[in-house]
Every structure is written in structure tokens, then in C-alpha cells.
Amino acid sequence: MVKSNQNLLSSHEQFSCLARSREVFRLEIAELEKIAERLDEGIDRVARLIFESHNKVVVSGIGKTGIIGRKIAATLASTGTHAIFLNAAEAVHGDLGMVQNGDIVLLISNSGMSSEILSILAPLKTIGCVLVAMTGNLESDLARQADYVLDVGVEKEACRIGLAPTSSTTAALVMGDALAVCLMEMRDFQPENFVLYHPGGALGRRLLTRVRDRMAREIPKVRIGDFFKEVLCVMSLRRLGVAIVYDENDRPAGIITDGDVRRAMQRFDDIREVRAVDFMTKNFKWILPDAPIHDALELMDINKITTIVVMESDTSDAPVAGILSIHHIFDFRTPSFSPRG
């Protein structure tokens, strides 16, 4: 009989969710460490099998392991591996039509005795699939009939009654993550590859956006001989908090920022006679228009600046293409965009 909530509350007044939660974390971590110690060349063989295959990976499971399998398939698919999820219960009612000869089928079952999983082994072999078992029971029918086996066996679940899939599902999830990470590195999977599968959201915007997409193209220009007041007028007119200083040959010779203005007012007694050349920053930081926006953010962060010059090319006499400030970068219509992603 299930006890009422009131009876449960009175009988567990001393129960600490904080202490029990920490215990769950420690127990599941301990189980993962045991699996990590048991890992052998099997994971390498499975990873290379998938890497060298021209067919897709079909991940299959049922119940809680099915949920884990769906996540594994999604991770593989988003990191460069052609992968789908196949519910084992639906497979016997027509969904096996999604599988073809040469596919690699990753079957997840902690017990290795799930009837839904076992019922599709013979059809999968008839189709001509390669079977990979992810199981906690190396003596099971699933393990014996599979071509490859990944051991995710745990000694105990995190729940006191030892029945709710907790440690076992975490183990399967981490094994799937390990497989996906190995394949990513084998493929030399880069951020540019990742964003192809994640064009939406903050990550996609950050990786797809280029400097030229956000920079201001109207350049605040002053000459090296311009007086302090003239520089201030140009900076105020453009409202970028910066001006590019040009020499007699119409080449960029330096930059003046709001910070340079404040320092000049502290440094010079008679600010009226100060010219742009006297307080500009000569060796300014710059970036190219086609650079990813996150490169500009990183450059700003490293140099503790909020504005960067955009040059048309990396030659010494290249013209200025624009100005990029931190405000341009963060003028996205979503609060989720951040330089830390």
C-alpha cells in the first residue's frame, strides 16, 4: 500500500534531500569510474567501424534506455554522424523499413533481455546490419548475438530499492557521449562544422555572424594635425566613441578613443593646443571583415578594449573598412547571445 503524503512527511522529518542528492552523485560517479577502468579496445573498434562506414547508425532501445538512445542518436547526428533513433517496440510493426543493409545498429538494454530488443535481432541480421550491443549483462542473449559489445554494467542503481534506472542509464548516456566525442575528434570536427547543424539559437548566430555583418561603415576621420576640439566634434557627431587618425598620405596612423580623450585632459595643461597626433594610440588593434564575430570578442577581451578597427586587408597600406564596437556585437534581438556562448 502506498503511504499518504502526510504520513510520509511525518516519518521523514529528518530526511535531508541535500545529503541524499550528494550521495546519489557520488554513487553514480563511482559507478562511472568502474566502467572507465573496464573500458578496452572495444570502444576503439566500434568508433572506427562507424567512422569508416558509409551507412548510418541506428540507435535502438525501449523505455528509459530508449530515451537515452534518442539522446545518443541526436548527439551523433549533430556532430557529423548520420544517425537515427528507432524505437524497438515500433520496429516490429513496420519501422524496420528505416534500416538497410550495412547499417550499424546500436542496441541499448541494461539487462540484455528486453523482449522488444531480442525480437528484432534476427530481422536485423537478415537485413545485413552490424549489431553493437550496449548492455550491462555480458552473458545476455543480446551480448552473445551482437557483433560488438560495449559494457555499461553497474553494480547498483542510485535508488534504495535498486529498481529505478539511474546509474545504469547514466552509464549508457556517458558511453554514448564518449563514442560521439571520439568520432568528432577522428573527423576533426570544428565549430564551423557544428554550426551547420545548429544554425538557430545563440550559438549559431555567434559562429555564423561575421565582423562585416555588425561593423559601422561610416568612419569618423580626423587628421594628425587636427586640434583637440575638432577631434571631439567628429567623435560626437559619429557617436561611436572613436575616431581614426589619418596622416598626410591619407593612411590610418592611429586611433583616438574616449579613453584617450580622458587621459589627454589629465595629461595636458592647455588642451586647446593639443593636436590629434599628440594623444592618439598608434598601434591600434584591428581585424578583417570576414573574421567570425567571436574572434573580435576574444580580441577585445584579451586587450581589454571595447572598440576595434576593421581593415580591408592585412597589408600595411590597407584602407579602413569600418569600426566594430562591443555595442554592435551585443545588438542582437535576443538576451541569450553572449561571448561565452
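Predicted model: local features only at pLDDT ≥ 70, side-chain atom pairs only at ≥ 80, totals over all residues.
Let's start with the whole chain. The protein chain has 17 helices and 11 strands. Of its 341 residues, 40% are buried. Now take the contacts with a separation of 6 or more. Residues 24 or more positions apart account for 64% of those.

On to helix α9. It covers residues 167–186, which is 20 residues. How far apart are its end C-alpha atoms? They are 28 Å apart. At 1.5 Å a residue, the helix should span 28 Å, so the two values agree.

An α-helix has 3.6 residues a turn, so residues three or four places apart point the same way.

One detail sits just after α9. Asp188 takes a positive phi there, about 55°.

Now look at one of those covering helices, α3. Two packed helices are described by the angle between their axes and the distance between the axes. For α3 and α9, the angle is about 55° and the axes are 10 Å apart. The two helices are therefore oblique to each other. Their crossing is right-handed.

Who makes the contact? From α3, the residues are Ile43, Val46, Ala47, Arg48, Ile50 and Phe51. From α9, they are Met175, Leu179, Cys182, Leu183 and Met186. By class, that contact has 10 nonpolar residues, no polar ones and one charged residue.

Last stop, Ala253. Ala253 lies in strand β8, residues 252–257. Is Ala253 buried, partly exposed or exposed? Its relative accessible area is 22%, so Ala253 is partly exposed. The cut-off for buried is under 20%.

Which residues does Ala253 touch, leaving aside neighbours within four places in sequence? They are Ile224, Val245, Tyr246, Asp247, Met280, Lys282 and Phe284. Take Phe284. Ala253 and Phe284 are 31 residues apart in sequence. In space they are 9.0 Å apart, C-alpha to C-alpha.

Technical notes: Residues numbered from 1 in each chain as written. Heavy atoms only, no water. Helix = DSSP H or I, 4+ residues; strand = E, 2+ residues; numbered from the N terminus. Expected span 1.5 Å × (residues − 1). Axes fitted to C-alpha atoms, helices over the stretch in contact; angles between N-to-C directions. Parallel < 35°, antiparallel > 145°, perpendicular 65-115°, else oblique. Left-handed = near helix turned anticlockwise from the far one by under 90°. Contact = heavy atoms within 4.5 Å. Nonpolar A, V, L, I, M, F, W, Y, C, P; charged D, E, K, R; others polar. Buried < 20%, exposed > 50% of the residue type's maximum accessible area, 1.4 Å probe, protein only.
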